[in-house]
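Here is a short note to read beside the model. Keep the structure open and find each residue as it comes up.

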Amino acid sequence: MWTRSIVILWLAGAVPLAAQSSPYGVGRPPTPEEIRALGAAIAPDGEGLPAGSGTVAAGREVFTAQCSRCHGPNGEGGVGATLVGGQGTLRSARPLKTVGSYWPYATTLWDYINRAMPFDQPGLLKPSEAYAAVAYILNMNGIIRQDQVIDATSLPKIVMLTTPAHLKTLFTSPVEVMHAGEANASAFGPIVGTRTHFVLEEESHLNRRRLLLPSFHGDRMHEYGEAMDEVTSQAVEAWPEGRPFPIHPELQQITLQVIIRTIFGLDDATSRDDQLRRQLIRLANVALASPLLLLRPLQWDLGPLSPWGKVARVVEEADRLLLGEIQRRREAQTQHGLSAQQCCRPEWQSRRHEASTAVH
Ligand code: HEC
């Protein structure tokens with residue numbers, strides 16, 4: 001057995017040599033000019049990317065002219081690979097590997113397209129056309145916005161999170177580099193406003209967080225634990241027995257109830273609290289869950305029946321109830337000898353931030 005293994009190893013080692021010296025009279029080593037014509041390989045850091053730039057719109061044209069006959073008009077695949085979708089399938093029985101689901105670096109996407117595509121005419125695209133094709137494919141995968149321009153500077157800044165190592169880089173990067181607040185604000189700004197720690201950066205973010213932290217320490221945490229226990233037990237009591245049911249919405253409900261109970265301190269026995277509780281649930285289900293949050297251009301309030309109008313009404317009503325509640329509790333606190341100044345410094349005042357700090 002071991003002799004056969006050695007023979008196989010020996011053969012495997014011999015193959016590259018054979019290809020180079022061409023003992024069978026097939027092929028020849030490429031000339032230095034031929035290697036240069038293929039262009040230098042671009043590493044993940046983007047070093048060596050050429051001048052030029054491309055937009056999503058220009059990329060759509062390049063794609064239609066040069067790529068869609070194999071990859072389908074929307075990258076859905078055909079003779080060529082599927083380029084769009086597949087997120088979340090990598091650990092399933094049928095993983096769909098696309099640029100959106102597994103491609104690790106935007107820079108090497110440019111490199112691959114530049115040197116290998118179109119499959120039957122590699123090297124055809126000019127640098128700007130390759131940038132445009134990259135922009136279009138990234139946009140179709142929801143990785144960049146419609147109006148983003150791709151060039152040697154912007155391309156290496158795109159982060160594609162496909163491996164645990166990437167996640168580690170993300171979580172250990174300096175806060176000045178990773179502006180999560182900006183990203184949150186771009187999606188959730190219409191709901192949470194502009195002054196909560198969730199959408200702020202650096203010093204102002206830290207200031208807000210310091211305000212919140214005492215509520216998440218020591219004895220308070222034990223009280224929360226009790227509330228979690230109670231809410232969970234009550235919910236589990238009501239679950240059906242002997243038949244399957246979707247668990248995810250149930251768990252969401254539990255989380256929401258715990259937040260409402262511990263952060264907002266609401267007691268569903270009173271009707272005013274119940275009204276606010278119902279409105280917060282609508283805020284979570286209708287407004288925060290709205291796909292329109294990711295589509296700024298579609299955020300048109302055309303009355304209460306229009307899609308964005310519906311979201312706007314839910315936010316308005318939640319605001320009205322929350323601000324009323326803040327007012328009521330502030331008055332109660334002042335009566336208990338705490339000045340309004342001590343309780344709520346003006347620079348801390350923002351709509352829903354107060355909901356999560358002052359209200360509590
Ligand atoms: C003649 C058919 C054909 C054309 C035209 C073509 N491709 Fe491809 N493409 C393929 C095939 C086949 C593969 C798979 C190659 C492989 O796995 O080695 C591929 C793979 C790819 C991949 C890698 C997909 C992955 O997830 O591994 C990208 C990206 C890509 N093509 C982009 C493009 C772009 C951009 C264009 C237009 C400029 C283009 N292709 C034109 C056939 C084509």
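**Notes on the predicted model**

1. Start with valine 231, which is buried: 20 other C-beta atoms lie within 10 Å. The cut-offs are simple. A residue is buried if 20 or more other C-beta atoms lie within 10 Å of its own, exposed if 12 or fewer, and partly exposed in between, with C-beta atoms placed from the backbone. Valine 231 sits in helix α10 (residues 218-237). Helices (H or I, at least four residues) and strands (E, at least two) are DSSP runs, numbered from the N terminus.

2. Which residues does valine 231 touch, not counting residues up to four places away in sequence? They are Ile254, Gln257, Val258 and Arg261. Contact here means that the C-beta atoms of two residues, placed from the backbone, lie within 7 Å. Valine 231 and threonine 255 are 24 residues apart in sequence, yet their C-alpha atoms are 8.9 Å apart in space.

3. Some ground rules. The model is predicted; local features need pLDDT of at least 70, side-chain atom pairs count only at pLDDT 80 or more, and totals for chains, interfaces and linings use all residues. Residues are numbered from 1 along each chain as its sequence is written.

4. Now the confidence. pLDDT is the predictor's confidence in each residue, from 0 to 100. The chain averages 80, and 83% of the residues score at least 70. Two stretches stay under 50. One is residues 1-19, with 1 contact beyond four places in sequence. The other is residues 339-360, for which the model has 39 such contacts.

5. The overall picture comes next. The chain has 15 helices and 2 strands. Of its 360 residues, 20% are buried. Take the contacts between residues at least 6 apart in sequence: 54% of them join residues at least 24 apart.

6. Look at helix α3 (residues 56-66). Its buried residues are Val56, Gly59, Val62 and Phe63. Seen down the axis of α3, they fall within an arc of 110°, so they line one face of the helix. The arc is that of the directions from the helix axis to the C-beta atoms. Thr64 and Ala65, on the other side of α3, are exposed. The cover over the buried residues includes β1 (53-55), α4 and α6 (127-140).

7. Leaving aside neighbours within four places in sequence, isoleucine 113 is in contact with Leu125, Ala130, Ala133 and Val134.

8. Turn to the ligand. It is surrounded by 21 residues, the closest being Cys67, Cys70, Gly80, Pro118 and Phe119. A residue counts as near if its C-beta atom, placed from the backbone, lies within 6 Å. Helices α4 (68-71) and α5 (106-116) are the elements that give two or more residues to this shell. By class, the shell has 14 nonpolar, 4 polar and 3 charged residues. Ala, Val, Leu, Ile, Met, Phe, Trp, Tyr, Cys and Pro count as nonpolar, Asp, Glu, Lys and Arg as charged, and the others, Gly among them, as polar.

9. The peptide bond from methionine 117 to proline 118 is cis, with omega near -5°.

10. Threonine 82 is in the loop between α4 and α5. It is partly exposed, because 18 other C-beta atoms lie within 10 Å. Beyond four places in sequence, threonine 82 is in contact with Gly75, Glu76, Gly77, Leu96 and Thr98.

11. Last, compare alanine 289. It lies in the loop between α12 (271-288) and α13 (307-335). Alanine 289 is exposed, with 11 other C-beta atoms within 10 Å.
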